[in-house]
Amino acid sequence: MKRLTILVAVLASLILGSAFTTIYYENKISNIDEDIISKEIALLSAVPNSDIPCSKLKNAKNWIVEKKGEVTVFWKFTPEQSRATKLVLGKDLSSATESFSTGCHVN
Amino acid sequence: MTNPDGVISPLGNTILFLGGVRSSGKAILVDLDDQNLYAFNGPKLIFEFYCASGDRVHPTATWPSLYKIFRKHEVYRSRTYNAQMDYAMFFTSDGKAIHQSNVVGLTSVLKDIGLNQLGSHGCVRLSEENAKKLFSWAPMGTPIFVDLEMI
């Protein structure tokens, strides 16, 4: 009986321990993902897509660089696909990029 | 002039117009005290989901706050790092979002009883099924009230 009680206690401890460890690490991984993505969204939101300098981009073959407050933004336009790419660089050199469709070529 | 979506109560611990008081339109209420998320269409309660908000060091809010969904991504994947967020609805300029997570149930219970060691870094986490439902239901611009107690 005593051995059975010990066995049950050990098993219960193992199950509880592994469950809490899994949750703790899953939580930690989720937090890291949140930090990365929140930072990227903050950078992307700092410069709205509507700020795209269409007139400059239409004749540009390379990236157009603009300073917007504390961030630097790089723009590139691909007329064949009517898509633009925006790369935002923060003052701590963190970066985020996104591609979006735009009507730059018809303006 | 349009009517405001929320008004801070005299005690400063909740936003009025919540819990069915808002007369029209969709709205989301995140109740940090109970770790619950409520979705309203006007005064009608559509969804009630358990959620997990920010931990002790990274609270989702320290004061009743009103935001709007300004960006939605069914799957947001970082191009630089191996990080992904599913059913993400961003509502603050520093990147806080309501999104899907695998660690919601127990975290929510622990936070509900006052153990804030576990939790997000400011985001509001939902289970996959609930996050999917809310993502389909809530359009861009939906107001989000982050509240400290339900009235």
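Hi everyone, let's start with the rings: over all chains, the structure holds eight aromatic pairs. Before I go on, please keep in mind that this is a predicted model.

Take B:Tyr67 and B:Phe91 to begin with. Their ring centres are 5.3 Å apart and the planes make an angle of 50 degrees, which puts this pair in the tilted class. What does the pair tie together? B:Tyr67 belongs to strand β6 of chain B, residues 65-68, while B:Phe91 sits in the loop between β8 (84-90) and β9 (97-100) of chain B, so the contact joins parts that are 24 residues apart in sequence. The two partners also have their own accessibility values. B:Tyr67 is partly exposed, at 22% relative accessibility, a value that falls between the 20% and 50% cut-offs. B:Phe91 is buried, with a relative accessible area of 3%.

Now the next pair, B:Tyr76 and B:Phe90. Here the centres are 6.2 Å apart and the planes stand at 75 degrees, so we call this one edge-to-face; the cut-off for that class is over 60 degrees. B:Tyr76 comes from strand β7 of chain B, residues 71-77, and B:Phe90 from strand β8 of chain B, so this pair links parts 14 residues apart in sequence. Are these two residues buried or exposed? Both B:Tyr76 and B:Phe90 are buried.

One more item on rings: B:Phe47, B:Phe49 and B:Trp137 are linked by ring pairs into a cluster.

Let's move to the helix in chain B. Helix α1 of chain B covers residues 105-112, and its buried residues are B:Thr107, B:Ser108, B:Leu110 and B:Lys111. If you look down the axis of α1(B), those buried residues fall within an arc of 165 degrees, so they line one face of the helix. And what do they pack against? The answer involves both chains: α1 of chain A, residues 2-46, together with β5 of chain B, residues 44-50. After α1(B) comes B:Gly114, which has a positive phi, near 100 degrees.

Last stop, the surface of chain A. A nonpolar patch there is formed by A:Met1, A:Leu4, A:Ile6, A:Leu7, A:Val8, A:Val10, A:Leu11, A:Leu14 and A:Ile15, and together they have about 950 Å² of accessible area. One of these residues, A:Met1, is placed in the segment before α1 of chain A. A:Met1 counts as exposed because its relative accessibility is 79%.

Conventions. Residues are numbered from 1 along each chain as its sequence is written. Chains are lettered from A and ligands numbered from 1 in the order in which they are written. This is a predicted model: local features need pLDDT of at least 70, side-chain atom pairs count only at pLDDT 80 or more; totals for chains, interfaces and linings use all residues. Side-chain values use heavy atoms; hydrogens and water are left out. Buried means under 20% relative accessible area, exposed over 50%, partly exposed in between (1.4 Å probe, protein chains only). Helices (H or I, at least four residues) and strands (E, at least two) are DSSP runs, numbered from the N terminus. The arc is that of the directions from the helix axis to the C-beta atoms. Contact means heavy atoms within 4.5 Å. Patches are made of residues with over 30% relative accessible area and no salt bridge: like charges are joined within 9 Å, nonpolar side chains (Val, Leu, Ile, Met, Phe, Trp, Tyr) within 5 Å. Accessible areas come from the Shrake-Rupley method with a 1.4 Å probe; for residues, only the protein chains shown count as cover. A salt bridge is a side-chain nitrogen of Lys or Arg within 4 Å of a carboxyl oxygen of Asp or Glu. Rings of Phe, Tyr and Trp (its six-membered ring) pair if their centres lie within 6.5 Å; planes under 30 degrees apart count as stacked, over 60 as edge-to-face and the rest as tilted.
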